[in-house]
Amino acid sequence: MSQLTNDELIQIRRHLHQIPELAMHEVQTRDYLIEVISQMNLEYAEIRDQIATLPTAILVRVNGSDPLRTIGYRTDIDALPVDEQTGLAYASQHPHVMHACGHDVHMTVALGVLNHFLEHRPKDNLVFFFQPAEESQNGGKVAFEQGLFEGKWRPDEFYGLHDNPDLPAGSIGCRMGTLFAGTTEVNVDFRGKSGHAAFPQDANDMVVAASQFINQVQTIISRSINPIESGVITFGLMQAGTIRNVISGSARLEGTIRGLTQVMIERIIERLKQVAAGIASSYDCDVDIQFNQGGYLPVENNPELTKRLIDFFTQDDGTQFIETEPAMTGEDFGYLLAKFPGTMFWLGVNDDSQLHSATFKPDEAAISKGISSINSFLEYRMTN
Ligand SMILES: CC(=O)N[C@@H](CCC[C@H](N)C(=O)O)C(=O)O
């Protein structure tokens with residue numbers, strides 16, 4: 001395979017779009033990525049896949065011609081449990097799973113950049129990390145803890161992108177400091193007593209307790225945190241009951257907390273615990289609340305490297321650069337940026353639909369523009 005054409009890149013992206021897989025189950029995706037990579041010029045590349053401790057991950061090292069450093073580039077590869085409603089001819093073929101966060105675009109851009117540097121040998125070494133489990137189960141943290149970045153696989157600096165429907169297709173967005181929030185998953189289990197719908201006095205209804213919890217939680221952001229700062233509490237899943245005429249003796253909520261600092265996340269956790277204890281007491285039930293931050297630390301861009309990246313993209317004729325605000329999205333790349341200096345940035349994909357929506361349809365024009373901007377930046381970085 002020589003340099004991938006734009007049409008080939010689009011075909012790759014559309015194929016990836018049709019085979020979305022959930023975190024840690026990206027087997028077909030990994031196999032297809034390996035198939036594409038295997039057709040590239042691998043003269044000075046080394047590949048690690050079928051890694052026992054993280055089987056759906058792939059690492060590719062490109063050995064530079066005169067290396068001063070090893071530059072890491074990460075793409076995530078997992079998808080979301082969303083029923084696609086785009087109506088596209090190449091929509092997901094996997095029921096209830098969709099690349100609704102654009103990781104198909106991320107992977108295609110990474111393949112395009114990899115292909116470029118396999119055709120034009122870089123001066124520095126490059127390590128490409130195709131990472132499972134960004135949406136949940138923190139694949140980046142797992143990879144680090146399993147020692148995947150040890151020895152010659154250790155990047156001296158690490159870069160990664162996320163697509164952004166609010167920015168023009170192919171533009172690059174970034175900022176100094178915090179780009180994304182830290183997140184923490186929260187699960188709440190309510191246990192009371194089931195019974196007949198006609199005899200509420202003999203039961204303890206957990207639909208009511210969970211509903212009250214949800215309502216009370218709404219005051220945490222509005223009443224317990226400094227309005228100048230930012231925080232988010234979203235419960236995206238609520239489960240209770242089996243039929244209209246049985247009072248449910250259990251309920252479960254699954255949600256996510258976001259804050260631009262760890263202090264904010266801890267403040268929200270504290271208040272959620274207090275509200276849960278209050279519900280347990282006033283509804284005479286058990287409320288078990290569990291938190292899991294995993295690797296979803298705030299995404300903190302390294303000052304020196306990020307200034308260099310922003311300065312480059314600002315003056316690069318081929319790139320439309322946009323300085324962005326912090327976003328409340330989370331990313332386990334935040335964990336890797338706590339271990340290695342580096343920068344996360346946005347790639348604009350111009351869409352009316354938001355990330356995680358069933359109608360998310362990124363503009364494919366972003367792919368070749370993104371690849372070209374990233375290639376130019378990495379080439380510049382290798383000589384500066
Ligand atoms: C970019 C993006 O959408 N990332 C996800 C990360 C999820 C983190 C974790 N599973 C949580 O929900 O707290 C996001 O939802 O922001």
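Why does Q216 count as partly exposed? Q216 has 17 C-beta neighbours inside 10 Å, and therefore falls in that class; a residue is buried with 20 or more other C-beta atoms within 10 Å of its own, exposed with 12 or fewer, and partly exposed in between, the C-beta atoms being placed from the backbone. Q216 sits in helix α5 (residues 206–224). Helices here are DSSP runs of H or I with at least four residues, strands are runs of E with at least two, and both are numbered from the N terminus. Between Q216 and Q146 there are 70 residues in sequence and 41 Å in space, C-alpha to C-alpha.

Before going on, a word on the model. It is predicted: local features need pLDDT of at least 70 and side-chain atom pairs count only at pLDDT 80 or more, while totals for chains, interfaces and linings use all residues. Residues are numbered from 1 along each chain as its sequence is written.

Let's step back to the domains. The assignment, automatic or from a database, gives domain 1 (6–179 + 298–382) and domain 2 (182–292). Their C-alpha centres lie 35 Å apart. Domain 1 puts 6 residues into the contact and domain 2 puts in 7 residues, where contact means C-beta atoms, placed from the backbone, within 7 Å.

The largest nonpolar core holds 83 residues, and V109, A110, F128 and F130 have the most contacts inside it. Such a core is a set of buried Ala, Val, Leu, Ile, Met, Phe, Trp, Tyr and Cys residues joined through C-beta atoms within 7 Å. Helix α3 (residues 103–119) gives the most to this core, 9 residues. Because domain 1 and domain 2 both give residues to it, this core lies between them. Leaving aside residues up to four places away in sequence, V109 touches L161, L347, I367, G370, I371 and I374.

In strand β12 (residues 250–259) you can follow the pairing on two sides. Strand β8 (residues 182–191) pairs with β12 in the antiparallel sense over 10 bridges, pairing being called when DSSP finds at least two bridges. One of the partners is V188, bridged to L253 in β12. Strand β10 (residues 231–240) also runs antiparallel to β12, with 9 bridges, and V232 stands opposite R258.

Finally, look at the ligand. Among the residues around it are C101, E135, H162, T183, Y296 and L355, each with its C-beta atom, placed from the backbone, within 6 Å of the ligand. Domain 1 and domain 2 each supply at least three residues of this shell.

Notes
Two residues are in contact if their C-beta atoms, placed from the backbone, lie within 7 Å.
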